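Please look over the structure below before reading on. The briefing that follows starts with a single residue and then moves to the chains.

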Amino acid sequence: MQLPPALHARLAGAPGSAEPLPVERDPAAGTTPFSFAPRLVRFPREHDFFEDGDVQRHLYLQDVLTQVGGAPERPRRPSARVPEFTCQVAGCCQVFDALEDYEHHYHALHRNVCSFCKRAFPSGHLLDTHILEWHDSLFQILAERQDMYQCLVEGCTEKFRTSRDRKEHLVMRHLYPADFRFDKPRRSRGPAVPGAAEQVLAEALGDDRVPSEGDAMEVCSEHVEPSPEPAGERRAYSHRCLTRI
Amino acid sequence: MWSRQRGGLKPLRCGVEQLRCRRREREAALRKARREQQLVSKRLLRDEALEEAEEGCVAMIFGEAEIQQFLRLAQRGTEEKEREGALVSLRRGLQRPETQQTFIRLEGSIRTLVGLLTSNQALLQLEAARCLHELSHSEQSAVVEACLPATSYLLTYLSGHSSDFIELCLYTLGNLIVESEAVRRQLLPQGIVPALAACIQSPHLTVLEALGYALSQLLQAKEAPEKIIPSVLGSTLPQHMLQLLQPGPKLNLGVAVEFAWCLHYIICSQVNNALLITQGALSTLGLLLLDLAGAVQRTEDAGLELLACPVLRCLSNLLTEAAAEAVGGQLQLRDERVVAALFILLQFLLQKQPSLLPEGLWLLNNLTANSPSFCTSLLSLDLIEPLLHLLSVSNVVLTVLCNVAEKGPAYCQRLWPGPLLSSLLDTLAFSDTEVVGQSLELLQLLFLYQPGAAQAFLQQSGLQALQRHEEVAQLQDRVHALQQTALHG
């Protein structure tokens, strides 16, 4: 199919077009036995017309095992091994010999860290919620009179009187598991205490030494330091935490 | 962007013919699946270099005892490397369906894996996520659905910052999404749409491509028009998608392909295309079409047809919306470069992917049907002859010619003389009544608007060409009418 040579130049040229030719229809056009009329055509989702293109799309999806270097911002290979180095964050003594591993470590454990209690959270959103609920004294005061516990699902604007109500909402409405939690105990100075880590994982496995109700979906994990005198539920929680350690 | 694995990395275990044969088989399977509305494809993300490093170690089938051993070691090992190593071994084993089956039947195994996924050891997290990813890719529903307890965590991690990890979570979610409606019925209330809307702001291309994949799977679901697309349209996702499709130095092909398909699934479901038009979809897609045509000339880049297809579809469908009329004043919709671009793409498709030509011609029809401007462009850019070249591909060529001719004498004058007459005489020789019927319609318009056309037709033995069809039911009335006009004016 030969295209006129000027076409490519036209594409590269300025936007615009020639004045449209005048339209002048004869009423006899397209009348019986003829029937032509210009028609916009649309095809719905499942139409057979799309079969070929859809099949090509899926061949592309299936066709590969790994991602080729190409355009992404870094090549897909584990980073070159480097001489061992230690994470520089205070209190962390994790050792690495690959930069990519360190990147993940840093983001997972040091990025969204509560400056009050040093706990790490998987996202800024959970961190913000945690700070509000655990370190903001105003929150406690307001919580006595209004619904302050925000649903953890982004986009859901529901608020609750207690964290237990919130948990119930998360389970019933958002189909969260009843034991939804992230376990990132505070990094104490020096190597992690194996006992504490075991405890944490034991709970994840449903070890029923400690009832999980009320612990799950608290926006914190191990509460290591003694908390100030909060009323009601929170005190009960922190007692439980203390006995675990 | 994903592409066929280079032959150099793994020894070719079979010849080229075998590969072609396998591809044909897969294509046939996909066609069958589509006809049954069961078109499901998953992606498996395996690190190329890890594969290389593990070369020679065939994935083993592990039994219960071995799996338990790995899990115990991963949880309670004292040495970090030991714990990681245990999960790596498990992950490799999970490449085998037999190991997967054993794993999911083992009590507490998923719980343990989820515990490791949410643990305080970043590298264990990553390996646990890789294990889940292997499971998500399974063809066995039971294996895939065993991953469900992990979804709320995967979604939470989408708001994190580790791009590798997020990418893995997204591909895993994408595989889970496509598995069954039951899975989606859990993911939607868990907030997958807001999670994706937050994640789409990531600057990482690998994350964006993975997100596009996951979203395209969500939008392709059978129940999407009723249950998913409305909430997607109500989120900030469409604006971000359109931004990611803006042509320019930041446009990434792999990312654009995914989001173009997302847009296609939304648009062809016809839920609220007017909204997309107000957000500038027509404008963006028009500019993207121009960009594509430019790219096609510049590079031998594999994969441009993967982007061309959804872009053509989106534009064609959007043009049928009433709202499109309203924005018709926008320059893009009168810009003759759009027609130039389309023809450059048609030429490209003719070489690369002829099966997509009908889709390109579909766009040409929708562009020209009600637009004197685009019909004029077709004429002024000298595109009639190239268009005739595609007659054998699709009848839509004749429809487009009719779109032009029906606009009156000024248009027919520019269609005449030239190769049109001999092409029409050729098509009249076809036995396909559709094709012949369209040719007759075009002839009527030409006879009506172009003096001398009927004469020339007669001189070229047009009457004989018509006679062939005198007895055909769908054609006879029109044949007779034309014979009358030709002979008596």
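Lys118(A) is partly exposed, with a relative accessible area of 48%; buried means under 20% relative accessible area, exposed means over 50%, and partly exposed lies in between (1.4 Å probe, protein chains only). The model is predicted: local features need pLDDT of at least 70, side-chain atom pairs count only at pLDDT 80 or more, and totals for chains, interfaces and linings use all residues. Side-chain values use heavy atoms, with hydrogens and water left out, residues are numbered from 1 along each chain as its sequence is written, and chains are lettered from A and ligands numbered from 1 in the order in which they are written.

**Backbone exceptions**

- Most residues other than glycine have a negative phi, and most peptide bonds are trans.
- Lys118(A) is not a glycine, yet its phi is positive, at about 70°.
- Lys118(A) sits in the loop between α3 (99-109) and α4 (124-135) of chain A; helices (H or I, at least four residues) and strands (E, at least two) are DSSP runs, numbered from the N terminus.
- Ser461(B) is not a glycine either and has a positive phi of about 60°.
- The loop between α30 (453-459) and α31 (462-467) of chain B holds Ser461(B), which is partly exposed at 36% relative accessibility.
- The peptide bond from Thr32(A) to Pro33(A) is cis, with omega near 0°, and Pro33(A) belongs to the loop between α1 (6-12) and α2 (51-62) of chain A.

**Chain A as a whole**

- Chain A contains eight helices and four strands, in the order α-α-β-β-α-α-α-β-β-α-α-α from the N terminus on.
- Of its 245 residues, 43% are buried.
- Among contacts (heavy atoms within 4.5 Å) in chain A with a separation of 6 or more, 36% are between residues 24 or more positions apart.
- Chain A exposes about 12900 Å², of which carbon and sulfur atoms supply 55%; such areas come from the Shrake-Rupley method with a 1.4 Å probe, and for residues only the protein chains shown count as cover.

**Chain B as a whole**

- Chain B has 32 helices and zero strands.
- The C-alpha trace of chain B spans about 100 × 50 × 40 Å along its principal axes.
- Of the 489 residues in chain B, 63% are buried.
- In chain B, residues 24 or more positions apart make up 73% of the contacts with a separation of 6 or more.
- Chain B exposes about 18200 Å², and carbon and sulfur atoms supply 50% of it.

**Buried places in chain B**

- Helix α20 (residues 304-318) of chain B has 15 residues and reaches 21 Å from its first C-alpha to its last.
- In α20(B), 15 of its 15 residues are buried.
- Leu387(B), in helix α25 (residues 384-389) of chain B, is buried at 0% relative accessibility.
- Beyond its neighbours within four places in sequence, Leu387(B) is in contact with residues including Phe343(B), Leu361(B) and Val400(B).
- Leu361(B) is 26 residues from Leu387(B) along the chain, and their C-alpha atoms are 9.4 Å apart.

**A link between the chains**

- Glu406(B) lies in the loop between α26 (396-405) and α27 (409-415) of chain B and is buried, with a relative accessible area of 7%.
- Not counting residues up to four places away in sequence, Glu406(B) touches Arg25(A), Phe36(A), Pro38(A), Ala369(B), Leu445(B) and Tyr449(B).
- The side chains of Glu406(B) and Arg25(A) are joined by a polar contact of 2.8 Å; a polar contact is a pair of N or O atoms within 3.5 Å, where within protein one must be able to donate a hydrogen and the other to accept it, and residues adjacent in sequence count only if both atoms are side-chain atoms.

Technical notes
Expected span 1.5 Å × (residues − 1).
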